[in-house]
Every structure is written in structure tokens, then in C-alpha cells.
Amino acid sequence: IFPSLSMPFGTRVGLWLILIMPLAGCVSQYSESAKNFQSLYAVGDYVNSLDEAQSLVAQSSSENEVVLKLQLAQVQREAGQIKASTDTFESVENLFERYDASAEASLSAESLSAFTNPYSLPYRGRSYDRILTATYCALNYLELGDQAKARVALNRLLFRQEDAKRLVAEKERIAEEETENVEKENSSAGSIIKSEEVTSAMSQGAADFVGLPIYQDYMNPFSVWLHGVFFLHTAQGIEDIEKARKSLERAQALAPQNTFIKEDATWAAKSGSRPSVDSSCIVYVVHETGEAPAWTEYKFKLPLIIIDRNAPIVNVAFPKISPVANQDTLSIRFKSEVFNPTLLANI
């Protein structure tokens with residue numbers, strides 16, 4: 001099974017100005033500060049990349065605390081420091097809770113202020129960050145032998161999956177309303193949204209998503225599969241088997257070519273109990289094939305003179321996704337049989 005991070009392109013391109021402009025400064029700061037860490041991590045130097053990640057967290061500000069701690073938690077996991085990784089992931093969960101408890105700011109006000117003050121907004125974590133934080137927490141707890149906490153983390157990730165769909169729909173509704181309000185109340189601001197420079201930047205960003213899979217309802221196939229497999233093999237009753245069945249059938253729908261999922265989904269649907277393997281073991285091999293796409297930026301000049309004749313021409317940066325090349329492959333031989341992994345999730 002080949003899992004990776006799932007990041008479907010859910011936001012309509014026409015709303016990018018409202019949703020993405022506030023993040024421009026954060027992307028710029030992170031890309032510059034994380035260069036050394038990324039080069040060490042890419043070659044598997046987990047000792048020195050761990051030192052670098054810890055140093056970055058020690059110097060972090062509220063704007064980039066979430067992304068730097070997620071980076072640290074992952075390299076701690078890779079370096080075998082599972083307890084430390086779990087503690088770091090849980091500290092990020094606390095940040096998510098704190099951000100969610102605070103009042104939401106106006107999307108239109110944030111997007112317009114970002115032209116002149118792009119570094120003022122903290123990165124709160126997107127839905128896929130939150131889903132995968134819960135996913136890796138669950139994997140860590142399983143490795144630590146704590147099934148009870150793994151169960152809590154897996155229920156949390158399923159809630160996050162459902163919440164992702166609701167949040168995107170709500171953000172699109174708010175963005176549409178506020179875009180209309182901006183254009184009605186300030187024709188100059190409306191002309192920015194429709195300007196050639198902004199339209200070109202939107203097209204540039206949309207091009208990065210051509211050919212990528214779009215997973216229904218913002219589901220991450222890896223996370224959904226993990227939830228299903230856990231509840232199938234640790235079922236404490238028919239209710240857990242039903243949870244497993246639903247998640248495995250969802251994962252199968254998201255990754256229909258994966259025959260391994262189909263076997264477990266069929267068992268959960270027919271048996272009503274967890275698998276009994278007598279003296280044998282069931283082994284799942286999860287192969288993560290490399291790094292997720294990197295955030296870079298697409299810069300262009302925007303003449304704010306269309307809002308204020310005394311304003312200068314400024315540089316604006318839109319976040320841009322750049323895939324990281326990966327040629328990693330794997331096959332497994334058991335006795336005389338060779339198993340080739342089947343795709344589960346593709347970023």
C-alpha cells in the first residue's frame with residue numbers, strides 16, 4: 001500500500017484572492033527558514049535535520065509555530081523518537097484547539113490587508129494538516145502499544161474528515177458573499193480581483209493541480225483506511241465492526257484499484273467479527289514513497305494605484321505547489337511469492 005498526504009484542490013480558483021492572499025507572507029518566511037532542514041531531511045540525515053528542526057521551533061513565532069512543530073514531529077518520528085514525536089503532535093493539537101476557540105476574522109478584510117501587511121497572520125493549519133496530525137498521532141500510539149489513545153486519535157481523524165467537507169463549503173459561501181460585498185462597496189478593490197495580474201496568478205496556481213486526483217468529500221484515503229483497519233482488528237463488538245466496514249468501503253471507493261482494501265472490506269461486510277488468523281499473522285506494509293509537494297511562491301507586481309493614487313507598485317506572492325521528484329519503489333518476497341504494493345493515496 002502506498003500512502004501519501006492527500007491534498008485535493010477544493011477551493012474554486014475564482015476565490016483564491018480571498019482565501020490565499022493572507023498566507024503569502026507565511027509561505028515566504030517558511031520557505032526561506034526551512035531550506036537547510038529540508039536539504040538534510042531529503043537525504044535521510046535525521047540526526048542533523050532533527051537538530052535543525054528543534055532550532056527552528058525554538059525560534060518560531062506565532063505565525064509559523066504550527067508548521068514548524070509539524071515538521072519537528074515528523075522528523076522525530078523518522079528518527080525513532082516516537083514518544084517525543086507524539087508529544088509534539090499533541091502540542092499542535094492544542095494549538096488547533098486554541099485557534100478554533102478564537103473568533104474568525106473577516107476573510108475580505110484579511111485578504112485586503114495582506115497586500116500591505118502579509119506577515120501578520122498565523123498559519124492555523126488546513127484540514128489536511130489536521131487530519132494527518134491525528135493520523136500520525138494514532139500511528140505513534142500504536143507503535144507505543146497504547147491502543148486506547150490510538151482509538152481516540154482515530155476517532156478524531158474521522159471527525160476531522162467530516163469537518164473538512166463542512167468547512168470548505170462554509171468558506172466558499174463566506175468568500176462568495178464577501179467578494180460580492182467588496183465589489184459593491186469598493187469598485188477599486190473589485191478591479192484588483194479581476195485585474196490581469198491577479199487572474200494570471202490564479203491560472204498559474206491552478207496549473208499545478210492538473211492531473212492530480214481529487215478525492216471525494218476531501219477524504220484522505222490513507223487516514224480512512226487506517227481507521228478501518230484498526231477497528232477491524234481491535235473490534236470490541238459489532239459497533240466497531242460497523243465502523244470498520246464504513247471506513248474500509250470509503251477507502252475502497254477512494255482507491256478502487258487497491259485489491260488489499262477490498263479483501264478487508266469484504267470481510268467486515270460479511271463476517272460481523274474481527275478476523276481470526278489462528279497461529280498466523282496479518283502484516284500490513286505501508287510504504288511512504290517520499291516527500292509531499294513543497295510550497296513555493298509565484299510573485300508578481302501589483303500596482304495599488306488603482307486603490308490609492310499615492311500607493312506604490314508592490315510585490316505580491318501567491319502560494320504555489322511544486323511536486324518533489326520521487327523514484328522510490330518496493331516489492332516484498334515471502335517464501336516463493338512476490339507482493340507489489342498498490343496505490344492507496346496520492347498527494
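The chain holds 14 helices and four strands, which are DSSP runs numbered from the N terminus (helices H or I, at least four residues; strands E, at least two). Residues are numbered from 1 along each chain as its sequence is written. In this predicted model, local features need pLDDT of at least 70, side-chain atom pairs count only at pLDDT 80 or more, and totals for chains, interfaces and linings use all residues, while side-chain values use heavy atoms, without hydrogens and water.

**Chain as a whole**
- Of the 347 residues, 44% are buried (under 20% relative accessible area with a 1.4 Å probe, protein chains only; exposed means over 50%, and partly exposed lies in between).
- Among contacts (heavy atoms within 4.5 Å) with a separation of 6 or more, 72% join residues 24 or more positions apart.

**Nonpolar cores**
- A nonpolar core is a set of buried Ala, Val, Leu, Ile, Met, Phe, Trp, Tyr and Cys residues joined through side-chain atoms within 4.5 Å.
- The largest such core has 43 residues, of which Val66, Leu154, Trp225, Leu248 and Ile261 touch the most other members.
- Helices H5, H6, H8, H9, H12, H13 and H14 each give two or more residues to this core.
- A second, separate core of nine residues includes Phe37, Leu50, Ala53 and Leu72.
- Beyond its neighbours within four places in sequence, Val66 is in contact with Val92, Leu95, Phe96, Tyr99, Tyr123 and Gly125.

**Helix H4**
- Helix H4 covers residues 46–58, and its 13 residues reach 18 Å from the first C-alpha to the last, close to the 18 Å expected at 1.5 Å a residue (1.5 Å times one less than the number of residues).
- Ser49, Leu50, Ala53, Leu56 and Val57 are buried in H4.
- These residues lie on the same side of H4 because they cover an arc of only 125° around the axis, taken from the directions from the helix axis to the C-beta atoms.
- The face turned away from the buried side of H4 carries the exposed residues Val47 and Ala58.

**Lysine 335**
- Lysine 335 lies in the loop between strand S3 (332–334) and strand S4 (337–339).
- Lysine 335 is not a glycine, yet has a positive phi of about 55°.
- Lysine 335 counts as exposed because its relative accessibility is 71%.

**Confidence**
- The mean pLDDT (the predictor's confidence in each residue, from 0 to 100) is 78, and 75% of the residues reach 70 or more.
- Over residues 1–28 the pLDDT is below 50, and it stays under 50 over residues 112–119.
- Where pLDDT is low, the predicted coordinates should not be read in detail.
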